[in-house]
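Please keep the sequence and the structure open while reading the points.

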Amino acid sequence: MSRSPNRILIAFAGLFLAVAPASAERLNIGRAATPEEIKGWDIDVRPDGQGLPVGKGTAALGETIFQERCASCHGEFGEGAGRWPELAGGAGTIKSDSPVKTVGSYWPYVSTVFDFIHRAMPFGAAQTLTPDETYSVTAYLLYLNDILKDQDFEVNEKNLATIRLPNEKNFFMDDRETAEKEFWNAKPCMKDCLPKEAAITSRARALDVTPEKASEAAKPSAPVQ
Amino acid sequence: MSEPKQRANSSRPTSRRSFLRSGLALGGAVGAGAFAGRAAAEMPDAKNLPPNVPEWSQSLGDGVVSRPYGRPSKFEADVVRRDVEWLTASRQSSVSFTPLHRLEGIITPNGLGFERHHGGIAEIDPAEHRLMIHGLVEKPLMLTLEDVKRFPRVNRIAFLECAANSGMEWKGAQLNGCQFTHGMIHCVMYTGVPLKRLLEEAGLKTNAKWLLPEGADASAMTRSVPIEKALDDAIVAYAMNGEALYPEHGYPLRLVLPGWQGNMWVKWLRRIKVGDEPWHTREETSKYTALLPDGQARRFTWAMDAKSIITDPSPQAPLHRKGFTVLSGLAWSGRGAIRSVDVSLDGGRNWRAARLDGPVLDKALTRFYYEFDWNGDPLLLQSRAVDETGYVQPTKAALRQHRGLNSIYHNNGIQTWHVLPNGEIENVEVA
């Protein structure tokens, strides 16, 4: 929709105050959010650094926080414990059969690291890290991934967005409608679509990873009538 | 009343199917030997079968409001969401699956719709919930749930599919059951206010291009949504299937983005920020991006491609007799309505048109049927959806040719079920 016509309407209504108020659009429901309320919830950070809170930290300081608050799931060096996410390493694996997607090998922006730690980590104690602690943990993750070489380098709201991650250039906008254009084929084959009879190439039961409870109805049953 | 209890407590859960099987056995049309080895507890009690008068026809049942909030029959106790424990590190950041093999029509009951949480289920007192709209707006808004309900309402049936639905099947057939291979989908009717209406109330500035909806749960879920979608068909919903959202589906407010990947339908919606650029949040960079074999990664893959699945028969819903057989399935597309569905019994060599039944709605689940006579020979069942844009659901091989094996999300390839002569069914792939 075009927003400008409505704007013209509002302006027009303003000229004739006795006529319908601007609430031809507005229903005057709710109230204005106050600056204090917005400040309390407005925590998102963009790649250009917009939204970063004032603060600073270093990898050296971050290491202490990480070992205490993060390592039980993510491992001492960000290698991940059990099925919890790996945060460091994986360089050179992205094109391989088993890509290891970490901050250093896959993530495009440092802002995302800060934003996510600040809003959702540590898992189960979200939004308990201060901005300074978040800068430090972010710096430590960059240090673990060889993005920062100096563990005393200060990361703050002014320079975080200038630190670039190596995989940024490899992301591109969804292009399925052109790259996969062949799938738009309104008249699919109906007869003799395979040169010979279909043969089984892969079976789920070869792996046998289906949860047991699921097979309640699928257990070997009596012969079919 | 003792007999049903015994059945419900028996080691093998009782199902509609086992009733049917048992009924057939006692109906005398088939030899008793066919059911040798079945647990005695599953056999119906002859005293409740014709010509006798069943006990429930002679004594009074429970009165009204014995179940102030109704629930399914106890004989349906196995129709539940299930999870795959090895899949995730914790149940607070995990997924459960819709039991598609036991559902009919196109509407998913509220208690059976799959769950995907990133920080557990937030239990929110609606009196303490607020929706804040701010950023590039003329008037930043603070709305209570009551406020949201004062806006004009819309009703809309829409499917919600997780982008990772069928994601475990990229490298080959893995899980035996459509609940697990395709159960990260549900379809309900939402009631709410068009997001466009709320944005008009706040007044968009001319440079407003993107929205950042945020959840009130412990993951504070955020995704970047382009303004075009917000002004098109997005809804801020407070009801599903006629009643308030369930907590696991975002009570008291969630975002509805018809046709788009479920991760963006932010639950427990507490804030919408309006901006001029996307935020590149964790869930649209590290996750929900499609890594291709050349190392490049596709991002902002919002629309769900057309897809279909045969829900019955399927590995959790085997066949029990030869002869006339009803095949039932679901089809959907994030780009519009389903135009047609084809079914193959021979692994994709030959196809026949399935019959669509019930409402065929834009970006909603669509039910299809195919009736045939089964002579007991093995079958390789497949279904193939075509949507109104002309998109034809591809084979898994064709998808892999484009995307390789590591793109995790948006696996809409054609599924094959192998029907064995004894009626058992397994998840396979064919070539």
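The points below take up a helix, a sheet and a nonpolar core in turn.

1. Please bear in mind throughout that this is a predicted model.

2. In chain A, helix α3 runs over residues 59–69, and its buried residues are Ala59(A), Leu61(A), Gly62(A), Glu63(A), Ile65(A) and Phe66(A). A helix has 3.6 residues a turn, so residues three or four places apart point the same way. The cover over the buried residues of α3(A) includes β2 (56–57), α4 (71–74) and α6 (131–144), which belong to chain A.

3. Chain B holds an open sheet of four strands, in which the order is β15-β16-β20-β19 and the pairing is antiparallel. At the edges of this sheet lie β15 (307–312) and β19 (355–357) of chain B, each of which pairs on one side only, and from one strand to the next the twist averages 35°.

4. Within that sheet, β15(B) is joined to β16(B), residues 323–332, by five bridges in the antiparallel sense. Along this pair, Ser308(B) stands opposite Ala331(B), a residue of β16(B).

5. The largest nonpolar core comprises 144 residues, and those with the most contacts inside it are Leu141(A), Val236(B) and Val256(B). Helix α6(A) supplies the largest share of this core, namely eight residues.

6. Which residues is Val256(B) in contact with, leaving aside its neighbours within four places in sequence? They are Ala158(B), Tyr190(B), Gly192(B), Ala234(B), Ile235(B), Ala237(B) and Trp265(B).

Definitions and conventions: Residues are numbered from 1 along each chain as its sequence is written. Chains are lettered from A and ligands numbered from 1 in the order in which they are written. This is a predicted model: local features need pLDDT of at least 70, side-chain atom pairs count only at pLDDT 80 or more; totals for chains, interfaces and linings use all residues. A residue is buried if 20 or more other C-beta atoms lie within 10 Å of its own, exposed if 12 or fewer, and partly exposed in between; C-beta atoms are placed from the backbone. Helices (H or I, at least four residues) and strands (E, at least two) are DSSP runs, numbered from the N terminus. Two residues are in contact if their C-beta atoms, placed from the backbone, lie within 7 Å. Two strands pair if DSSP finds at least two bridges between them. Axes are lines fitted to C-alpha atoms, for helices over the stretch in contact, and angles run from 0 to 180 degrees between N-to-C directions. A nonpolar core is a set of buried Ala, Val, Leu, Ile, Met, Phe, Trp, Tyr and Cys residues joined through C-beta atoms within 7 Å.
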